[in-house]
Amino acid sequence: MTVDATTSDAPRHWERYLAKRTSGMKSSAIRELLKITQLPDVISFAGGLPAPELFPVREIEEACSYLLRHEAKMALQYSTTEGHPPLREFLAESLSKYGIHYGPDNVLITTGSQQALDLIGKIFIDPGATVLTASPTYLGAIQAWRAYEGEFVNVPLDEDGMCVERIADVIKETPVRFVYVLPNFHNPAGITLSEERRRLLVEVARKHDLIIVEDDPYGALRYAGENIPPIASLAPERTIYLGTFSKTLTPGLRIGWVVAPTELRQRLVQAKQGADLHTSTFDQMIANDIAQRGILKTHVQKLRQVYGDRMNTMLDAMSEFWPEECSWTHPRGGLFLWATVPESLNAMELLNVALKRKVAFVPGVNFYPNADGGHNAMRLNFSNAKPDMIVEGIQRLGLTLKETIVK
Ligand SMILES: Cc1ncc(COP(=O)(O)O)c(C=O)c1O
């Protein structure tokens, strides 16, 4: 016999047992939206998905076969919380090329960088404690830190990134546990924090003794311009740096990493022990094999070319098909751009109309931690759809916008 959960009143009854903090937990708007956009004929600019046709499937298959044939006893076994030592060595070495000079002992492998954000919440955020972010900011971070009953204060973004010169004023009013920064090709805005601002941020952080969380999933995906020094290279003593293979290899492996000063890294290790003991040994060894064989490097070069072309295709199509009342950012890398439509329009309502035309984006309001902006903005992803679909989708959105603006 089975119990029909849909007719049972049990869930209502359980409410009273749930922890208070669950009242602040919401399903991510993007995860919900992705369910609709996965319908076969929808052109989706909504998720942050890499192009699946580019996944290095054969190379991953070779890595799996090799590991199962030669290293199965290690690959299928429990391992240390800190992560697979050769992978940590590889990461420490790669980061040193960007001026981040930490050894493998300062690296912790995480189950995606999303887990790193969660662990950061776990070690820093008491109920009611405040985090300083740009506004807008990454939705997944808001979701992770709300679960620890965190609050948010913000500074705006402009074309040079987060307005870090405003931080001193904000923290005078509200002390913060840390400052969250997306330095390269910001999610959702596609903007990069200028070198001048990075240096200023470090100055402010030193003056006020602040911790910086630098989340950098897109740094390797640069399509124009020169690399800018990571904040962790300028202020290693106070920066927790996050990276991931999700955008440069595949998100399915769930391999991310944190690099942090020794004491903080130790706290994160303890927090991770209670979460999942360690990240999948097998997945770490696959990623390590791909990285050590040089496949990752070639793959990233290919991604830069393909995604750079897709980004330009989207930008060109927007210039051609969108009404002149709209504006958008011109990223130099990453997966997203941010468009602003006239004040009088509501991107949430626009999405409903767009979905009827089978095209999707994420309305801007979702990226504002205090829901105080972005009603007339949208995030568009350009890595997932192929160029002809990008043009078609942008044309459909242009039509939707023109009709709505005329009304
Ligand atoms: C800014 C940012 N941080 C963290 C993540 C989480 O990535 P993952 O957990 O797949 O490494 C994402 C994913 O889109 C992101 O955009």
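Predicted model: local features only at pLDDT ≥ 70, side-chain atom pairs only at ≥ 80, totals over all residues.
Reader: What makes strand 8 (residues 239–244) count as mostly covered?

Author: Six of its six residues are buried. A residue is called buried if 20 or more other C-beta atoms lie within 10 Å of its own, exposed if 12 or fewer, and partly exposed in between, with C-beta atoms placed from the backbone. Residues are numbered from 1 along each chain as its sequence is written.

Reader: Which residues point each way from strand 8?

Author: Thr239, Tyr241 and Gly243 go one way, and Ile240, Leu242 and Thr244 go the other; all are buried.

Reader: Why are strand 7 (residues 212–215) and strand 8 called a pair?

Author: Strands and helices here are DSSP runs, numbered from the N terminus (E and at least two residues for strands, H or I and at least four for helices). Two strands pair if DSSP finds at least two bridges between them. Strand 7 and strand 8 have four bridges and run parallel, so they qualify. Strand 8 also has four bridges to strand 9, this time antiparallel. Tyrosine 241 shows up in both: glutamate 214 stands opposite it, and its bridge partner in strand 9 is valine 259.

Reader: What makes two strands hold on to each other like that?

Author: Strands of a sheet pair through backbone hydrogen bonds, either parallel or antiparallel.

Reader: Which strands form the open sheet, and in what order?

Author: Four strands, in the order 10-11-14-13, with antiparallel pairing. Strand 10 (327–328) and strand 13 (362–363) are at the edges with a single partner strand each, so one side of each has no neighbour in the sheet. Strand 10 meets strand 11 (residues 336–340) over two bridges, which is enough for a pair because the rule asks for at least two. In strand 11, alanine 339 is the bridge partner of tryptophan 328.

Reader: How do you know what span helix 12 (residues 281–292) should have?

Author: The expected span is 1.5 Å times one less than the number of residues. For the twelve residues of helix 12 that gives 16 Å, and the end C-alpha atoms are 16 Å apart, so the two agree.

Reader: Is helix 12 enclosed or open to the outside?

Author: Ten of its twelve residues are buried, so the rest of the structure largely encloses it. Those buried residues, Phe282 and Met285 among them, pack against several elements, including helix 3 (57–70), helix 5 (85–96) and helix 13 (295–321). After helix 12 comes glycine 294, with a positive phi near 85 degrees.

Reader: How is the chain divided into domains?

Author: An automatic or database domain assignment sets the bounds, giving domain 1 (17–55 + 298–406) and domain 2 (78–293). Their centres, taken over C-alpha atoms, are 24 Å apart.

Technical notes
Contact = placed C-beta atoms within 7 Å.
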